[in-house]
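Good morning, colleagues. Please look at the sequence and the structure together while I take you through a few residues and their surroundings.

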Amino acid sequence: MKTRVAIMGYGNLGRGVELALRNSPDMEFVAVFSRRDPAKVSIKTTGVPVISVNDIDAYQDKVD
């Protein structure tokens, strides 16, 4: 079973974590939470959603 990881914030540290996750086969990158407008946040990993921190509670309901 993989450890599911979400990043809170996507500045220099968040980008570094995203790139490190690519080299960690035992971890699954599931989301980025940002205070910025999610439509304006461009991450390097395709298929991973960027979600407003205001929507964290709604996202929590989707987690198994």
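Setting aside neighbours within four places in sequence, glutamate 28 is in contact with Lys2, Thr3, Arg4 and Val5, where contact means heavy atoms within 4.5 Å. The model is a predicted one, in which local features need pLDDT of at least 70 and side-chain atom pairs count only at pLDDT 80 or more, while totals for chains, interfaces and linings use all residues. Residues are numbered from 1 along each chain as its sequence is written, and side-chain values use heavy atoms, with hydrogens and water left out.

Glutamate 28 lies in strand β2; strands (E, at least two residues) and helices (H or I, at least four) are DSSP runs, numbered from the N terminus. Its relative accessible area is 36%, so glutamate 28 is partly exposed. On this scale, buried means under 20% relative accessible area, exposed means over 50%, and partly exposed falls in between, with a 1.4 Å probe and protein chains only. Between the C-alpha atoms of glutamate 28 and glycine 14, which are 14 residues apart along the chain, the separation is 15 Å.

One of the contacts of glutamate 28 is Arg4. Arginine 4 belongs to strand β1, residues 3-8, and is partly exposed because its relative accessible area is 41%. Its C-alpha atom is separated by 14 Å from that of asparagine 23, 19 residues apart along the chain.

Let us return to strand β2. Is serine 34, in that strand, buried or exposed? Serine 34 is buried, because its relative accessible area is 2%. Apart from neighbours within four places in sequence, serine 34 is in contact with Val41, Val50, Ile51, Ser52 and Val53.

The loop between β2 (27-34) and β3 (50-52) holds arginine 36. Arginine 36 counts as partly exposed because its relative accessibility is 44%. Aspartate 37 is also placed in the loop between β2 and β3, and it is partly exposed, with a relative accessible area of 40%. The C-alpha atoms of aspartate 37 and glycine 9, 28 residues apart along the chain, are separated by 11 Å.

Finally, the surface charge. Arg15, Arg22, Arg36 and Lys44 gather in a patch of positive charge on the surface. Patches are made of residues with over 30% relative accessible area and no salt bridge, like charges being joined within 9 Å. A salt bridge here is a side-chain nitrogen of Lys or Arg within 4 Å of a carboxyl oxygen of Asp or Glu.

Definitions and conventions:
Patch = residues over 30% accessible without salt bridge, like charges linked within 9 Å, V, L, I, M, F, W, Y side chains within 5 Å. Areas by Shrake-Rupley, 256 points an atom, 1.4 Å probe, with all protein chains shown as cover. Lys, Arg positive; Asp, Glu negative; His and termini not counted. Charge placed at Lys NZ, Arg CZ, Asp CG, Glu CD.
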